Amino acid sequence: MTRALDVEEGTPCIVKTDRGYLQADNVILATQTPFLGRGGFHSKTKPSRSYAMALSVEDQIEGMYLNVEAPTRSIRPHPTDEGKTYLLVGGEGHAVGEEPDTSRRYAALESWARERFRVSSVDYQWSAQDYMPVDNVPFIGPIDTKARYIYVATGFLKWGMTHSMVAATILSDLIAGRRNEWLPVFDSRRDALLESPVESLLNGLETARQFATGKASSLFAGPPDDLRPGEATIVHVDGKKAAAYRDEAGKLHQVSATCTHLGCDVKWNTAEATWDCPCHGSRFNYDGSVIQGPAVDALDAVEEPPS
Ligand SMILES: Cc1cc2nc3c(=O)[nH]c(=O)nc-3n(C[C@H](O)[C@H](O)[C@H](O)COP(=O)(O)OP(=O)(O)OC[C@H]3O[C@@H](n4cnc5c(N)ncnc54)[C@H](O)[C@@H]3O)c2cc1C
Ligand code: FES
């Protein structure tokens, strides 16, 4: 993948990537959450993870269903080209970084499915995240009030298949200079913080809490020697906080625990074996490389001091 790192607005816009520069008349940031700081979307949305499984079942599944009570569960059949039909089960959403053992979320989905269907095997499982706007409406349009050529589509609320179509319609109209009657509803320049003060305050407090607890908990970090294969923790190495992971072959990987976006401490995601940032949802591989933004820079490797 070619990762975009920055965009300089102008005529043309210059997109800096990890493989060179691109020029474009208009740039749309459809990167789930924008990696540019403009527009304040990191305060107006919060990242939420969800889990899904593809199961082989002995029951006939027809139709798609989404429950109304908590915890959320969705089910649907998925026919394959080979003539097999999987049951897809989704749910277990939670704020990124909130769950100390994400594997439990898969276990909860599986046991819910086994109580209701004759499950013969769990064939696939995966998790992903999306951004929830504080006022429950996606942000689509110019990235901020000064923007002329940079656009954004974010905060799809886990309904990206529908909202991406809305975004495509609005943004193509804006770029072509046409009027779009839905722009006032989704306008990315609206003051969502002012319109939803309580949700915005809670979102801000939660980010501040994640920042503070991350810094405080790492003060008590222990040594990495006790880590068994497959385990990870935050440690202190030569006065620096490090995110340490011992791989299945026993090799220790240590990278900076400080997210390169705005400095929160990352947390270990047990099911995906990644370092996830609870503040705005950046995700990093155990070697520090970026999996998902808004961060665009890797976590630095942390070397053991010579003994
Ligand atoms: C378990 C689960 C079930 C869901 N089920 C449904 C459903 O039934 N119906 C529905 O409508 N929605 C569903 N959703 C939500 C839907 O998947 C999302 O809303 C949608 O994918 C978000 O679209 P997006 O374009 O914002 O981000 P993405 O689909 O994540 O696309 C962003 C793209 O940008 C790329 N990117 C990111 N940063 C950079 C960068 N710096 N440079 C270059 N590229 C970059 C990424 O690699 C990625 O390809 C579900 C989500 C989850 C997690
Ligand atoms: S994603 Fe913003 S501080 Fe980590």
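This is a predicted model: local features need pLDDT of at least 70, side-chain atom pairs count only at pLDDT 80 or more; totals for chains, interfaces and linings use all residues.
**Disulfide, cores and ligand site**

The torsion about the S-S bond joining Cys264 and Cys279 is about -85°, so this disulfide is left-handed. Cys264 sits in the loop between strand E14 (252-256) and strand E15 (267-269), while Cys279 sits in the loop between strand E16 (274-276) and strand E17 (283-284), so the pair ties together parts that are 15 residues apart in sequence.

Cysteines
- The structure has one disulfide by the distance rule applied, and in this bond, between Cys264 and Cys279, the S to S distance is 2.0 Å.
- Both Cys264 and Cys279 are buried.
- Cys259 is buried at a relative accessible area of 5%, and Cys277, at 3%, is buried as well.

Nonpolar cores
- The largest nonpolar core has 17 residues, of which Ala243, Val266, Trp275, Cys277 and Phe284 touch the most other members; strand E12 (232-237) and strand E13 (240-246) each supply at least two residues of this core.
- Leaving aside neighbours within four places in sequence, Val266 is in contact with residues including Ile234, Ala243, Ala257, Cys259, Trp275 and Phe284.
- Another core, of 15 residues, lies apart from the largest one and includes Val7, Cys13, Leu29 and Val152.

Ligand 1
- Around ligand 1 there are 18 residues, and Ala4, Arg76, Asp130, Gly160 and Met161 come nearest.
- Oxygen atoms of ligand 1 lie 2.9 Å from a side-chain N or O atom of Arg76, 3.3 Å from one of Gln32, and 2.9 Å from a backbone N or O atom of Gly160.
- Taken alone, ligand 1 exposes 990 Å², of which the protein buries 68%.

How values were computed. Residues are numbered from 1 along each chain as its sequence is written. Chains are lettered from A and ligands numbered from 1 in the order in which they are written. Side-chain values use heavy atoms; hydrogens and water are left out. A nonpolar core is a set of buried Ala, Val, Leu, Ile, Met, Phe, Trp, Tyr and Cys residues joined through side-chain atoms within 4.5 Å. Buried means under 20% relative accessible area, exposed over 50%, partly exposed in between (1.4 Å probe, protein chains only). Helices (H or I, at least four residues) and strands (E, at least two) are DSSP runs, numbered from the N terminus. Contact means heavy atoms within 4.5 Å. A residue is near a molecule or strand if one of its heavy atoms lies within 4 Å of it. A polar contact is a pair of N or O atoms within 3.5 Å; within protein, one must be able to donate a hydrogen and the other to accept it, and residues adjacent in sequence count only if both atoms are side-chain atoms. Accessible areas come from the Shrake-Rupley method with a 1.4 Å probe; for residues, only the protein chains shown count as cover. A disulfide is a pair of cysteine sulfur atoms within 2.5 Å.
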